[in-house]
Amino acid sequence: MRTKIGIPRALFSYLYFPFWYTFFSKLGLEVIISSSTSKQSLDFGVKEAVNDACLPIKLYHGHVVELKDKVDVLFLPRLVNVKGSGKETFCPKFLGLPDMIRNSIAGLPEIIDENIELVHDIFPLNKACHKIARRLDKSGFVVWRAINSGKKSQQAFLKHLAQGISADRAIDMMIAGKTLQLPEEKPSSADISLAVLGYPYLVYDSFINADLFARMQEMGVNLQTVEMVPPQCLKKQGKHLVKNLFWHFSNRTVRANLFYLTEHKVDGIVHVTAFGCGPDTMVNKLMELEAKDYERTPFMTLSLDEHTGEAGVATRVEAFVDMLRLRKNKGHVKNMNNWGNIWRDRDIWV
Ligand code: SF4
């Protein structure tokens, strides 16, 4: 019987799941991902996590609870950094995740909690993957092949996110073995262009954000996300900041905000954040000030917690979009720049 390995559908899975899914599958394991977030995962998470944890961390606990009795091994890596000079890491809560889970949830199976630290080394990803594979009694050529297949899946996945496909949907299609098809280029009838920016586990989790994507599309809004910004453009925007932040996802969000304010102009910005998020207290203020500086672009903060209701999100979003339409009709129209698709195949850790 194949070993079953569980991966929670939470936090970094929204961006990096395809690599690990393909890697473990090619090693001969059966990969089980938890279901999309539901009331049950939220309740499990709230029960098991410490009280002052942010919503995404609580949800991670909830997804682990769902998986723990279904798998032989849990993959809960300690994500430290994935690129760059090593000056930026993931939020401190990511670094303590495996310890938090061990101390909060009873009856866990074996946990693979390898450090993922992809800087200051030669072929760091290969080394980390070989280390993980050894714990699963795999070695040699099969590991090398699994890493290469993983990279290809990851590239394909990121290209889909760049086309505006939601990560949750892309993950489901991948698990179902369906080839991801890029959406056909159709002339859009949307009259408002809105950048919905934030961490992938908030923007793509349709349960906790009350189906923000679908809701906005129904309102005739053309959505832009952090993942739709080509990596080189994000890097370039980093040079315009007086100082970069310490956290990887935060830097991506702040840079995407600048990109949509300066290079690919939108009618408004929505920052999706979690109540109680430490890094976002700084990120949110920075984004708001940038929006004010660039032609006073309308900016809205959507703060989510376990009590966020659909009605509350709907009312705020509708009011914001109505205000943008009014503003646009009064003549505050901005030009849309055409920045082209300049993704490179080697961009897999974004
Ligand atoms: S960045 Fe914020 S929302 Fe994300 S895990 Fe850290 S504290 Fe929570």
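This is a predicted model: local features need pLDDT of at least 70, side-chain atom pairs count only at pLDDT 80 or more; totals for chains, interfaces and linings use all residues.
Let's start with the overall layout. The protein has two domains: domain 1 covers residues 4-175, and domain 2 covers residues 192-329. Their C-alpha centres are 25 Å apart. Where the two meet, 27 residues of domain 1 are in contact with 26 residues of domain 2.

Several helices of domain 1 give two or more residues to the side that touches domain 2: H1 (13-26), H2 (39-48), H3 (55-68), H7 (141-162) and H8 (167-175). H3 supplies the largest share of that side, with four residues. By residue type, the side of domain 1 that touches domain 2 is made up of 16 nonpolar, seven polar and four charged residues.

## A closer look at helix H6

Helix H6 spans residues 124-135, which makes 12 residues. From its first C-alpha to its last, H6 reaches 17 Å, close to the 16 Å expected at 1.5 Å a residue.

H6 has a buried side and a face turned away from it. Cys129, Ile132 and Ala133 are the buried residues here. They lie on the same side of H6 because they cover an arc of only 100 degrees around the axis.

What do the buried residues of H6 pack against? Their partners are H1, strand E5 (110-112) and H7. On the face turned away from the buried side sit the exposed residues Arg134 and Arg135.

## Residues with a positive phi

Now back to the opening question. As background, most residues other than glycine have a negative phi.

Ala210, which is not a glycine, has a positive phi near 55 degrees. Look for Ala210 in the loop between helix H9 (200-203) and helix H10 (212-218). Is Ala210 buried or partly exposed? Ala210 counts as partly exposed because it has 18 C-beta neighbours inside 10 Å, while a buried residue would need 20 or more.

Arg296 also has a positive phi, near 50 degrees, and is likewise a residue other than glycine. Its place is the loop between helix H13 (278-293) and strand E10 (299-304). With 10 other C-beta atoms within 10 Å, Arg296 is exposed, since the limit for that class is 12 or fewer.

Note on methods:
Residues are numbered from 1 along each chain as its sequence is written. Domain bounds come from an automatic or database domain assignment. Two residues are in contact if their C-beta atoms, placed from the backbone, lie within 7 Å. Ala, Val, Leu, Ile, Met, Phe, Trp, Tyr, Cys and Pro count as nonpolar, Asp, Glu, Lys and Arg as charged, and the others, Gly among them, as polar. The expected span of a helix is 1.5 Å times one less than its number of residues. The arc is that of the directions from the helix axis to the C-beta atoms.
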